[in-house]
2 protein chains.
Amino acid sequence: MKKHNFSAGPCILPPSVFEDAALAVKDYDNSGLSLLEISHRSKAFVQVMERARELSLELLGLKDKGYKALFLQGGASLEFLMVAYNLLEKKAAYLNTGTWSSKAIKEAKLFGEVVEVASSKDANFNYIPKNYTVPPNVDYFHCTSNNTIFGTQLKSFPDSNVPLVCDMSSDIFSRSLDFSKFDLIYAGAQKNMGPAGTTLVVVKEEILGKVSREIPSMLDYKVHIGKDSMFNTPAVFPVYVSMLTLEWLKELGGIKAIEKLNNKKAELLYNEIDRNPLFEGFVPHKEDRSNMNATFNLKDDAHKENFDLLWNKANINGLNGHRSVGGYRASMYNAMPIESVQVLVEVMQELEKNA
Amino acid sequence: MKKHNFSAGPCILPPSVFEDAALAVKDYDNSGLSLLEISHRSKAFVQVMERARELSLELLGLKDKGYKALFLQGGASLEFLMVAYNLLEKKAAYLNTGTWSSKAIKEAKLFGEVVEVASSKDANFNYIPKNYTVPPNVDYFHCTSNNTIFGTQLKSFPDSNVPLVCDMSSDIFSRSLDFSKFDLIYAGAQKNMGPAGTTLVVVKEEILGKVSREIPSMLDYKVHIGKDSMFNTPAVFPVYVSMLTLEWLKELGGIKAIEKLNNKKAELLYNEIDRNPLFEGFVPHKEDRSNMNATFNLKDDAHKENFDLLWNKANINGLNGHRSVGGYRASMYNAMPIESVQVLVEVMQELEKNA
């Protein structure tokens with residue numbers, strides 16, 4: 001029976017990707033060998049890595065614009081310190097919009113001075129700070145485009161003369177942006193891109209090589225660029241599944257096409273959250289709401305038992321909110337069909353009827 | 001048609017592991033969800049991680065002896081610098097037995113003084129140095145147990161009073177050792193343990209926390225231990241496949257049982273290399289030869305075309321030597337059946353007959 005998977009990540013991927021990935025584990029491309037047992041230096045896998053890198057730049061509209069795409073390991077958490085290792089000479093500016101921003105700030109402080117330009121911590125990160133200024137004398141400005149835990153999303157990015165670095169782990173490839181505004185984008189694969197175990201880094205080469213410290217090889221973006229993202233054995237299977245997912249997105253029409261679908265899904269659910277008298281959104285300012293992760297609560301916890309029963313019966317999975325927010329969180333990543341959101345909306349309406 | 005996969009890594013794994021892994025990609029444990037789309041915080045995956053950690057310690061005979069097992073990302077290459085970050089206060093001693101040792105030394109030098117106690121670089125690493133002394137006043141001694149590229153293997157390890165750190169990427173779980181001699185063992189999964197994308201670290205807790213530098217969270221073994229190897233999203237699929245492979249090894253009878261099989265395979269091939277007048281081993285000292293990776297050459301390159309034709313016809317895969325050694329390399333990891341080695345031996349004999 002079909003599950004409706006609202007998991008925040010690792011999360012739903014297209015069914016065809018699961019099919020093709022399972023096949024590759026058994027027998028890769030009719031080679032008689034599993035994808036898991038071939039050399040990462042084989043022609044077969046080098047092609048996979050190159051295709052994944054190429055698709056990333058192509059889908060973001062960054063081909064031939066001075067950017068390189070890398071598939072590294074360690075998740076966004078390793079990028080928190082790699083960004084600082086590679087770019088932070090004296091001072092960097094960070095926008096603090098939640099748990100992940102806070103963690104990025106913590107790691108950066110080991111490498112230099114960090115200016116927190118603004119924070120929404122005062123309201124448990126339920127809004128996106130605005131009207132802050134990026135200082136002109138910093139090495140870079142860092143922000144988190146989408147806050148998975150709190151369900152907020154940056155809808156615009158500041159203009160400044162310093163390099164713009166963005167953690168796009170939970171909304172990359174989900175909406176149209178002028179990606180050429182960014183100098184370094186990173187994203188753990190396990191939301192819109194693939195399974196856990198690989199991290200996409202898209203970096204404008206010209207910003208690298210400017211810090212005076214020595215950088216260990218594995219933490220040096222220039223080293224990875226010089227080796228075409230194959231300095232050491234990459235996470236073969238996660239990169240392959242990411243390539244499949246990016247191919248799927250391209251065939252669907254790319255970011256512009258998926259953005260329309262994502263808008264429809266988000267509209268459907270937020271309309272119900274706002275309409276249904278039993279629920280309220282966690283994020284009060286509508287313009288700050290995430291199209292990827294809708295966070296909401298029951299106004300009266302007396303309905304909790306019933307609601308949980310109903311959505312579980314409807315084969316919905318992964319709807320519990322993060323412990324720091326509570327309530328519910330519906331993650332609606334690229335691969336989620338609108339039918340699943342419709343099922344959730346119907347469950348919410350059923351609860352209202354029964355109340 | 002069955003392939004005989006002698007690839008140096010990523011490499012052959014048990015057929016049942018590929019079957020179970022493919023199934024999990026489609027539908028994990030009859031949940032209606034792919035293993036790739038469930039939360040790493042779900043009960044299902046937390047169990048996988050705990051089982052993989054537990055099996056690692058159990059198979060190495062290190063349960064209840066003060067060790068912790070971690071499944072991290074970044075491969076041995078990230079461990080090269082993590083070891084130094086966590087343990088190197090002033091001075092460390094390294095044994096240089098090849099490419100990977102050399103890389104480990106290079107990264108360690110960024111963090112303190114490195115004493116190279118011995119090196120076989122003078123003979124392109126075709127032997128294991130002996131009769132060296134580990135200085136008593138170093139923070140740790142580091143060695144590489146098996147040298148995949150050159151086909152050498154340490155058969156004994158020095159006794160000393162300093163912590164013993166070992167890169168066992170290419171022979172862990174392949175032979176009986178007193179693993180309690182070691183204070184930190186690390187190994188990229190992609191040889192005897194699983195697919196590329198995760199790294200096993202087994203560390204004696206008491207050696208940690210002694211350096212004065214601040215360690216970024218993701219590079220700090222204590223942080224990973226404190227979070228039960230789930231500080232951030234782990235490489236879910238590679239960890240799962242590693243768990244399957246360790247279960248397979250346990251059912252087979254553990255390290256003692258696989259060691260017997262590995263000895264037989266190595267004996268079969270080295271006997272042929274030494275007997276067959278057309279071939280010679282790359283490693284002259286028999287006691288230094290690796291049971292995992294047998295490196296050998298044709299004495300006369302005139303036979304190369306024929307030999308390559310023959311082994312390709314026999315469905316043998318991955319037999320070419322590393323570019324820094326040339327010739328051939330037969331990697332015979334745990335999951336390789338002796339029948340595949342027999343096929344290679346027969347091809348070598350056929351070449352001799354035709355010569």
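The model is predicted: local features need pLDDT of at least 70, side-chain atom pairs count only at pLDDT 80 or more, and totals for chains, interfaces and linings use all residues. Residues are numbered from 1 along each chain as its sequence is written, and side-chain values use heavy atoms, with hydrogens and water left out.

**Domain layout**
- The domain assignment, automatic or from a database, divides chain A into domain 1 (15–252) and domain 2 (254–354).
- The centres of domain 1 and domain 2 of chain A, taken over C-alpha atoms, are separated by 27 Å.
- An unreviewed UniProt entry lists residues 5–344 of chain A as "domain: Aminotransferase class V"; such annotations may be inferred rather than shown by experiment.

**Extent of the interface**
- In chain A, 28 residues of domain 1 are in contact (heavy atoms within 4.5 Å) with 28 residues of domain 2.
- The two domains of chain A bury about 2,300 Å² between them, 53% of it on carbon and sulfur atoms; this is the accessible area (1.4 Å probe) lost on putting the two parts together, summed over both.

**Salt bridges**
- Between domain 1 and domain 2 of chain A the count is 2 salt bridges, each requiring a side-chain nitrogen of Lys or Arg within 4 Å of a carboxyl oxygen of Asp or Glu.
- A:E287 and A:K130 form a salt bridge, with their closest N and O atoms 3.7 Å apart.

Conventions: Chains are lettered from A and ligands numbered from 1 in the order in which they are written.
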